[in-house]
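Me: Got a model open here and want to go through a few features. Can you start with the pockets?
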Amino acid sequence: LGKLFVLAWAIPFLALGPVTFSDAGFRKPIAGTTARAVTIVVALALVAFIAHWFLRTGAPRSTETILYQLTMPAIAEEVVFRGVLFAVVEQAFGERGSIDQPWWKSRAVWLTAIAFALTHGWGVVNGAFQFDVMACIMPLVFGVIAGGLRKYSGYIAFPVVLHSAVNVAAAVFP
């Protein structure tokens with residue numbers, strides 16, 4: 001339900017501005033970036049599946065959980081972090097449309113990755129909020145990679161597909 005609330009917030013935000021759907025990556029990839037971006041997504045998805053297979057400690061999750069992991073977290077979180085927030089940060093720092101800038105120098109890549117990591121570090125344990133720094137490390141790495149893909153290609157679908165693959169790998173090989 002929380003993921004639906006996130007989308008319910010993001011869609012009107014995009015529809016009414018100040019960020020357009022195109023600013024948020026809902027457009028065609030930048031010319032000449034598709035082949036490299038697809039190669040990166042496929043390679044990293046394979047790494048995720050292989051790593052989870054070797055590190056597995058339990059049985060696969062239910063089909064319902066796997067289908068959920070395939071769709072909702074990736075769509076909702078990527079629309080917010082690599083879509084809306086990414087576009088807002090790009091506008092704030094004058095980075096929008098700057099395809100000449102390398103992705104690793106983009107403030108949007110780093111700030112959205114940090115925000116993504118921090119949100120994954122929070123949790124509720126025994127009714128109290130708790131923050132776990134270790135729970136931020138992999139989301140930070142993923143956020144930088146997803147943000148780099150978004151900056152490089154200008155297209156939000158690549159981070160969404162990668163996010164889905166990583167989540168499904170974790171659900172199939174917990």
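Reply: The largest pocket holds about 700 Å³ of space. The model is predicted: local features need pLDDT of at least 70, side-chain atom pairs count only at pLDDT 80 or more, and totals for chains, interfaces and linings use all residues. Residues are numbered from 1 along each chain as its sequence is written, and side-chain values use heavy atoms, with hydrogens and water left out.

Me: What counts as a pocket, and how is a volume defined?
Reply: On a 1 Å grid over the protein atoms alone, a pocket is an open set of points where a 1.4 Å probe fits, with protein on both sides within 12 Å along at least five of seven lines; lining residues have an atom within 4 Å of a point. Grid points are joined across faces, edges and corners, and the volume is the space filled by probe spheres set on the points.

Me: Which residues lie nearest the centre of the largest pocket?
Reply: His 52, Met 138, Phe 142, Val 166 and Asn 167, out of 27 lining residues. The lining divides into 18 nonpolar, six polar and three charged residues. Here Ala, Val, Leu, Ile, Met, Phe, Trp, Tyr, Cys and Pro count as nonpolar, Asp, Glu, Lys and Arg as charged, and the others, Gly among them, as polar.

Me: OK, salt bridges. How many in the whole structure?
Reply: Three, taking a side-chain nitrogen of Lys or Arg within 4 Å of a carboxyl oxygen of Asp or Glu. One of them joins Glu 77 and Lys 3, with the closest N and O atoms 2.5 Å apart. That pair links distant parts of the chain, 74 residues apart: Glu 77 is in helix 3 and Lys 3 in helix 1 (residues 2-16). Helices (H or I, at least four residues) and strands (E, at least two) are DSSP runs, numbered from the N terminus.

Me: And the strands, in what sense do strand 1 and strand 2 pair?
Reply: Antiparallel, over four bridges, with strand 1 at residues 122-125 and strand 2 at 128-131; pairing requires at least two DSSP bridges. Val 124 has Phe 129 as its bridge partner, and Gly 123 stands opposite Gln 130.
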